[in-house]
Amino acid sequence: VSYPSIVGEMLASGFSVIGFSWICSPACTELEVVVMDWLAKFLKLPAHFLHETEGPGGGVIQGSASEAVLVAVLAAREQAVRRQREIHPELSESEIRGKLIAYSSDQSNSCIEKAGVLAAMPVKLLPASEDLVLRGPALKAAIERDVAAGYIPVICIATLGTTGTCAYDDIESLAGICEEHQVWLHVDAAYAGGGFALDECAELRRGLDRVDSLNFNLHKFMLVNFDCAAMWLRDANKVVDSFNVDRIYLKHKYEGHTQIPDFRHWQIPLGRRFRALKVWITFRTLGAEGLRAHVRKHIDLAAQFESLVKADSRFELVAPRALGLVCFRAKGDNEITSQLLLRL
């Protein structure tokens with residue numbers, strides 16, 4: 001966390017904005033549009049995720065990766081149901097919903113499995129390869145097996161920076177399978193997304209031009225305090241169409257304006273906090289190069305720690321160092337590592 005972010009949090013709390021629509025607080029919505037485009041450019045994301053470009057994409061600030069994943073899962077589910085009702089008018093909506101299925105890696109975060117529970121749609125956790133990476137062939141085999149059994153594949157949630165070892169799923173090979181089967185591809189880059197900003201980590205961005213949505217937590221790598229999770233959508237209309245519930249008291253004359261989104265349609269709750277303010281102040285104070293230096297410092301510290309582990313005959317690495325994460329254990333029985341953990 002950083003001092004500028006805390007200042008922004010205090011100011012936002014003092015203003016007490018409940019920014020569910022533009023009319024409630026124009027600054028709340030418009031500053032969020034600005035900072036989400038800033039952040040997309042900073043991370044060098046594909047242009048179709050920016051509000052300023054022609055097309056239906058854009059970014060929004062969610063509370064956490066759990067919320068972003070749930071939004072993606074729910075939107076993908078509703079889009080799949082509508083598509084299947086057109087293809088199979090003989091099936092009832094309940095019959096269709098009973099056949100839906102989602103996919104992720106057995107290395108993915110617990111929030112993905114929880115999203116499946118909340119969405120009433122099973123998430124099949126596919127076994128990752130020996131290097132803990134999920135690749136297209138594993139997804140392809142699972143989808144073909146499930147389709148043959150009468151299931152309807154809906155979404156694949158890939159991970160860039162798994163919780164256990166910061167492994168990176170193969171987005172390009174997964175994207176090819178998802179495109180072939182009309183499956184929504186979401187990328188959870190809650191931690192590793194910070195690496196997108198560095199030229200030396202450009203490989204991490206491979207395939208992002210083919211995903212439907214992704215999320216990155218600013219409260220992990222961008223010196224912004226919790227809660228602040230960025231989410232980008234390739235086609236925001238698919239989320240808006242899935243979540244839109246209009247009442248007379250929510251209407252205003254600027255509804256539907258391409259540059260003035262009503263973010264209540266992009267999220268689970270109706271009201272929302274003015275999170276964009278702390279992002280704006282952090283960026284304006286530290287600057288893009290200051291933030292990149294912060295990420296590089298974490299990576300350098302991890303490299304130092306890795307060298308210390310390698311130099312100590314009592315310990316061993318159990319996965320390749322990735323960004324700021326070093327996975328190591330004491331040699332010998334697991335009990336030794338457990339005792340060390342308890343003592344730490």
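## Loops and backbone

Leu132 sits in the loop between strand S3 (123-126) and helix H6 (136-148). Helices here are DSSP runs of H or I with at least four residues, strands are runs of E with at least two, and both are numbered from the N terminus. Its phi is near 70 degrees, a positive value in a residue other than glycine. Leu132 counts as partly exposed because its relative accessibility is 24% (buried is under 20% relative accessible area, exposed is over 50%, partly exposed is in between, with a 1.4 Å probe and protein chains only).

Leu223 isn't a glycine either, yet its phi is positive, about 60 degrees. You'll find Leu223 in the loop between H8 and S7, and with a relative accessible area of 17% it is buried. Asp227 lies in the loop between helix H8 (218-221) and strand S7 (229-233). A cis peptide bond, with omega about 10 degrees, links Phe226 and Asp227.

## An exposed methionine

Now for helix H1 (residues 3-15), where Met10 lies. Is Met10 buried or exposed? At 60% relative accessibility, Met10 counts as exposed.

## About the model

This is a predicted model, where local features need pLDDT of at least 70, side-chain atom pairs count only at pLDDT 80 or more, and totals for chains, interfaces and linings use all residues. Residues are numbered from 1 along each chain as its sequence is written, and side-chain values use heavy atoms, leaving out hydrogens and water.
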